[in-house]
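Subject: Structure for your review

Dear colleague,

Please find below the structure that I am handing over to you.

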Amino acid sequence: MARYVNVAIGQLGPVNREDSRAQVVARLMKLMREARQLGADLIVYPELALTTFFPRWYIEDEQQLDSWCEASMPGQDTLPLFELARELQIGFCLGYAELSDEGGVRRRYNTSILVDKNGDIVGKYHKVHLPGHREHEPWRAFQHLEKRYFTPGDRFSVYPAFGGLFGMAICNDRRWCETYRVMGLQGVEMVLIGYNTPVHNAPAPAHDDLSLFHNQLSMQAGAYQNGTWVVGVAKAGTEEGVDHIGGSCIIAPSGEVVASCVTKGDEVAIAHCDLDFCQIYKRTTFNFDLHRQPQAYGPITRLKGETLLADGSPRVKK
């Protein structure tokens with residue numbers, strides 16, 4: 001019996017500083033209703049969907065920073081989304097800033113959750129690859145202070161849901177091959193990725209014209225090389241004066257784009273995804289048991305940066 005999941009992109013346009021949680025949740029609910037009318041089993045929302053992308057500002061006030069975060073999920077403002085999911089019998093994946101108390105230690109995470117058709121959270125992920133910088137850099141047109149505000153996650157897990165094996169990643173994670181491979185080794189069949197990506201890259205402005213290309217390239221490679229579906233969903237458009245890419249799309253295990261958004265605003269696109277299609281790649285070209293050679297991959301986990309020369313000798317750092 002084939003395993004099909006109808007997956008919807010729940011792309012968002014800009015969320016501005018003055019927009020309340022209730023206003024944003026109303027937009028998410030509208031997208032959810034549209035997705036369900038189209039027959040979706042699951043709708044995927046962007047990274048930090050509930051707020052503007054606040055790491056663009058240098059903020060020293062801890063209370064202000066905490067105000068961008070959710071201390072519980074669902075909370076008072078987000079509960080209606082969970083209730084609607086339960087009513088419509090549709091799952092969702094949502095990105096948000098999480099405030100966590102871990103044994104008396106307060107931490108913030110850039111978080112994504114997977115919610116089933118009953119409105120129950122069945123998976124949670126903390127962003128591993130935090131981009132940007134820690135200290136105030138006023139020379140930038142806007143800041144990117146995720147390294148300052150968030151604690152990095154430490155694992156890529158896979159969750160049984162919707163009849164298959166699902167994983168999550170967030171924004172910059174999509175650029176790193178290890179993201180997909182760690183989940184691929186767990187048999188992942190669909191990776192859900194929300195992102196907020198500015199067009200302008202302050203440290204490398206020469207990349208600006210390639211932003212959409214790099215976005216799609218990294219997700220297509222991850223899908224193909226691990227025989228998995230990949231769903232990438234943007235918060236797009238000009239948010240607080242910063243232009244963000246769109247490019248939300250659903251990619252098959254073949255690496256082909258099968259659905260995409262065409263605007264930079266709130267938009268739904270949908271694809272009929274056959275999870276068994278993954279096996280065409282997992283059992284042939286990317287049959288890990290047959291073809292991988294992990295004894296040759298030691299530097300991947302032993303080293304963090306470029307510390308070896310081509311002949312394998314240590315690089316002398318000056």
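The model is predicted, so local features are reported at pLDDT of at least 70 and side-chain atom pairs only at pLDDT 80 or more, while totals for chains, interfaces and linings use all residues. Residues are numbered from 1 along each chain as its sequence is written, and side-chain values use heavy atoms, with hydrogens and water left out.

The sheet

Six strands form an open sheet in the order S6-S7-S8-S9-S12-S13, with mixed pairing. Strands here are DSSP runs of E with at least two residues, helices are runs of H or I with at least four, and both are numbered from the N terminus; two strands pair if DSSP finds at least two bridges between them. Strand S6 (158-161) and strand S13 (257-260) are the edge strands, each with a single partner, so one side of each has no neighbour in the sheet. From one strand to the next the twist averages 20°. Strand S12 (residues 249-251) pairs with S13 in the antiparallel sense over three bridges, and Ile-250 has Ala-259 in S13 as its bridge partner.

Helices on the sheet and beyond

H5 lies across S6, strand S7 (164-170), strand S8 (190-195) and strand S9 (229-234), and runs at about 160° to S7. Angles run from 0 to 180 degrees between N-to-C directions, with axes fitted as lines to C-alpha atoms, for helices over the stretch in contact. H6 also packs on the sheet, where it touches S8, S9, S12 and S13, and its direction makes about 25° with that of S12.

Helix H1 (residues 21-37) packs with helix H3 (residues 79-88) at an angle of about 10°, and their axes are 10 Å apart. H1 is therefore roughly parallel to H3 (angles under 35 degrees count as roughly parallel, over 145 as roughly antiparallel, 65 to 115 as roughly perpendicular and the rest as oblique). On H1 the contact (heavy atoms within 4.5 Å) is made by Val-25, Leu-28, Met-29, Met-32, Arg-33 and Arg-36, and on H3 by Pro-80, Leu-81, Leu-84, Ala-85 and Leu-88. By class, this contact has nine nonpolar, no polar and two charged residues (Ala, Val, Leu, Ile, Met, Phe, Trp, Tyr, Cys and Pro count as nonpolar, Asp, Glu, Lys and Arg as charged, and the others, Gly among them, as polar).

The pockets

The largest pocket holds about 1,000 Å³ of space. A pocket is an open set of points on a 1 Å grid over the protein atoms alone where a 1.4 Å probe fits, with protein on both sides within 12 Å along at least five of seven lines; lining residues have an atom within 4 Å of a point. Grid points are joined across faces, edges and corners, and the volume is the space filled by probe spheres set on them. The largest pocket is lined by 34 residues, of which His-129, Pro-131, Asn-172, Arg-175 and Trp-176 are the closest to its centre. Helix H5 (177-184), helix H6 (211-226) and helix H9 (298-302) each give two or more residues to this lining, and H9 gives the largest share, three residues.

The second largest pocket holds about 290 Å³. Its lining residues include Cys-177, Arg-181, Gln-225, Arg-292 and Tyr-297. H5 gives the most to this lining, with four residues.

Backbone geometry

The peptide bond from Met-73 to Pro-74 is cis, with omega near 0°; Pro-74 lies in the loop between helix H2 (62-67) and H3.

Yours sincerely
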